[in-house]
Amino acid sequence: MATAAFETPKIKPYPVIPLVQVGATSHLKPFVANAAIQKAVGFPQELVPDWQAKAIEKMGELLGKYRSLQVYMDSCVHCGACSDKCHYFLGTGDPKNMPVARQDLMRKVYRRYFTWAGKHFPKLVGAVDLTREVLDDWYSYFHQCSECRRCSVFCPYGIDTAEVTMAAREIMAVVGKGQKYANEIIGKVHRIGNNLGIPGPALENTLEGLEEDVKEETGLDIKFPLDVKGAEVLLITPSADFFSEPHVESLIGYAKVFHAAGISWTLSSHASEAGNFGLFIGNYEQMRTISLRVKEAALELGVKRIVVGECGHAWRVAYSFWNTLIGPFDYLDPRYPVPQHICELTDDLIQRGALRFDKEKNDDRIITFHDSCNVARASRMGNMPGGQFVIPRRIITSVANHFHDMAPETIHESTFCCGGGGGLLTDDLLELRVKGALPRMEALKHVVDDHSVNFMATICAICKAQFTKVLPKYGFDMGMVGGVHQLVSKAIRLGDHR
Amino acid sequence: MSLLSILFAVLFYAATLVLVVGVARKIRIYARTPAPLRIPTTPAPITASGVGWRMAREVVFFESLFKASKWTWIFGWSFHFGLLLVLLRHLRYFQEPVWLPVMWIQPLGTYAGFLMVFGLAGLWARRFLVDRVRYISTPSDHLMLALLLVIGASGLLMRFVVHPDIVAVKQFTLGLLTLNWQALPALPLLLLHLALVALLMLVFPISKLLHAPGLFFSPSRNQADDARETRHVAAWAAALDKKP
């Protein structure tokens, strides 16, 4: 069973590359999407009878549509540079969690059906038929990749396993073997408007409740506007920010920043979700359709700017893909980047001296920062490469006095995934999530021991949810994780505008 | 003119044809396949010249591999750099008179053979000694290393131990270029060396040796980080916008 008991890995004094343990996580696989879930997103309701032919046909189609897939299938030389880079391999020792071996699950099928050598000398080049066993292996191990791109940093050809995983998931979805968690959420976005399935009235209620809470805390009327036409900024944020802890603390932080800076803003009930699980299943059409809600909301509300809240993969889709998917944004104010990250907005205000902080209000916290994979390796902030590392840290050090980075090989472009990204944040994969968090937990343990760090800030809804769940398994307090704007919220000096 | 000489002449024409046509075909496929979304591994350069510099660092210094594994980098870079010098040195067999830079490289090029063989031996050793690399190695991975190693070793042997009549060899290679076929010295070591080189050329376009052109087309490396400024809509993706 996917949810059977398992042992949390021991944190070692220094990182050790595990020896290969064949089949260590072959039992892990997420629940398969049922007929209703598949139907809701337009995929076949069960494994189609001619699934093998369909899968090969789809693979051929994708090879023709994505240069990345075509080049990555051909270029790997099995050098092993990536073999010790995946957090799931480091946490489980299963060799199929080495990026090269994960890619090879598809590459060996590619070779068999699409290359001369694989057609005529399959054994020599390791080519195999797409059998039921291979498909099951795909389902298991392409759902043990969080599409975090760490392998692509180290590959001499830049081969990105995320691209291969996305292609494999797309192929599996169209032959009727979709993943329950991701596809159910995509269905919810289409039906209700957000991943958590919060209907408009419930959202309105929640926001009113937040206004009351913040009034109690600050004595000020800090608004959480919804569907306000003519607002300057449309904020697109992960729906977890409305309901989950610690996410909501950051939402309060955004509201305080807008309030303090005097920027009118609004949320949208039509586009009440920044997350875009179309990315996780590698489906361009889904990703585009989900993104289109943002364009519709922006036009409907007549806003001038679009700002995105703390969410890793959402920022990747927004930053790297929105302009292509739903642009051009010629109807927005050209003086601001589109989209703009909330951290870019806050940092810009801080740099211009428009915000003031009482840093000592965060003095009880000794802070470190976890770079979220999609922000670190698949997007940018600011106008220089690497701004995505500088800006969040600059905000933290502007609002708090105690900050220590984790080890250099575990942050910035080399950051480790939280272990729950890429559509794996589901309890049927809890064992994988706990084990995959090991490298991050080891790095965290070091700064906890050396610098008494007691707070790990991050800017991703999935990271926050994942760490809340796995921190206790490693003996840490689940309250250690929170958002950057949670820190902003604590220290920001408010006061009514004149 | 022996049958053997004719056989080798034909073999090299065929191998060259397969290499050039095969790689050109692959490059054409890579160039024509759309890249519908911006996926550079960030932090990435934001300008085209920045991308050129990033690519140059990858191609010349193997920057990413250096980040990944120092051992693999030492062996891999030694092999490739050694091979480059050896190839440049071999240009003398195709030129009369020999270009000055090729003359200069001559002394380096002869010893680069050792560098190349050292690198290959190290890369092969990893396939046995590192359990992760052992797990991912296929028969073709081993054979490819064996092929290159025998080519390198046979070349070194001919340079330092068993000397073929290199004047005659040069007449043969120049003869291939000028379509004026000449006899090839029938030294077994030379024939082995040349046959394996031809084999390498033949398998190039159907094997992992495609990593060479592949790197230049790798979207995670060759794209500028300019997604907010520029739309990149592929033709098939643009068609979606036209649907109601």
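This briefing covers the overall build of chain A and one helix pair in chain B. The model is predicted. Chain A has 498 residues, and its radius of gyration agrees with that of a compact globule. In chain B, helices α5 and α7 pack at an angle of about 155°.

**Chain A: size and build**

- Chain A contains 23 helices and 7 strands.
- For 498 residues, a compact globule would have a radius of gyration near 23 Å, and chain A has 23 Å.
- The C-alpha trace of chain A spans about 80 × 50 × 40 Å along its principal axes.
- Of the 498 residues in chain A, 61% count as buried.
- Take the contacts in chain A between residues at least 6 apart in sequence: 80% of them join residues at least 24 apart.

**Chain B: how α5 and α7 pack**

- Helix α5 of chain B covers residues 100-129, and helix α7 of chain B covers residues 139-160.
- The axes of the two helices lie 9 Å apart.
- The angle is about 155°, and angles over 145 degrees count as roughly antiparallel, so α5(B) is roughly antiparallel to α7(B).
- The crossing of α5(B) past α7(B) is left-handed.

**Chain B: the α5–α7 contact**

- From α5(B), the contact residues include B:Gly113, B:Phe114, B:Val117, B:Leu120, B:Trp124 and B:Arg127.
- From α7(B), they include B:Asp141, B:His142, B:Leu145, B:Leu149, B:Gly152 and B:Arg159.
- By class, this contact of α5(B) with α7(B) holds 12 nonpolar, 5 polar and 3 charged residues.

Note on methods: Residues are numbered from 1 along each chain as its sequence is written. Chains are lettered from A and ligands numbered from 1 in the order in which they are written. This is a predicted model: local features need pLDDT of at least 70, side-chain atom pairs count only at pLDDT 80 or more; totals for chains, interfaces and linings use all residues. Axes are lines fitted to C-alpha atoms, for helices over the stretch in contact, and angles run from 0 to 180 degrees between N-to-C directions. Helices (H or I, at least four residues) and strands (E, at least two) are DSSP runs, numbered from the N terminus. Angles under 35 degrees count as roughly parallel, over 145 as roughly antiparallel, 65 to 115 as roughly perpendicular and the rest as oblique. A crossing is left-handed if the near helix is turned anticlockwise from the far one by less than a right angle, and right-handed if clockwise. Two residues are in contact if their C-beta atoms, placed from the backbone, lie within 7 Å. Ala, Val, Leu, Ile, Met, Phe, Trp, Tyr, Cys and Pro count as nonpolar, Asp, Glu, Lys and Arg as charged, and the others, Gly among them, as polar. The radius of gyration is taken over C-alpha atoms; the globule rule is 2.2 Å times the number of residues to the power 0.38. A residue is buried if 20 or more other C-beta atoms lie within 10 Å of its own, exposed if 12 or fewer, and partly exposed in between; C-beta atoms are placed from the backbone.
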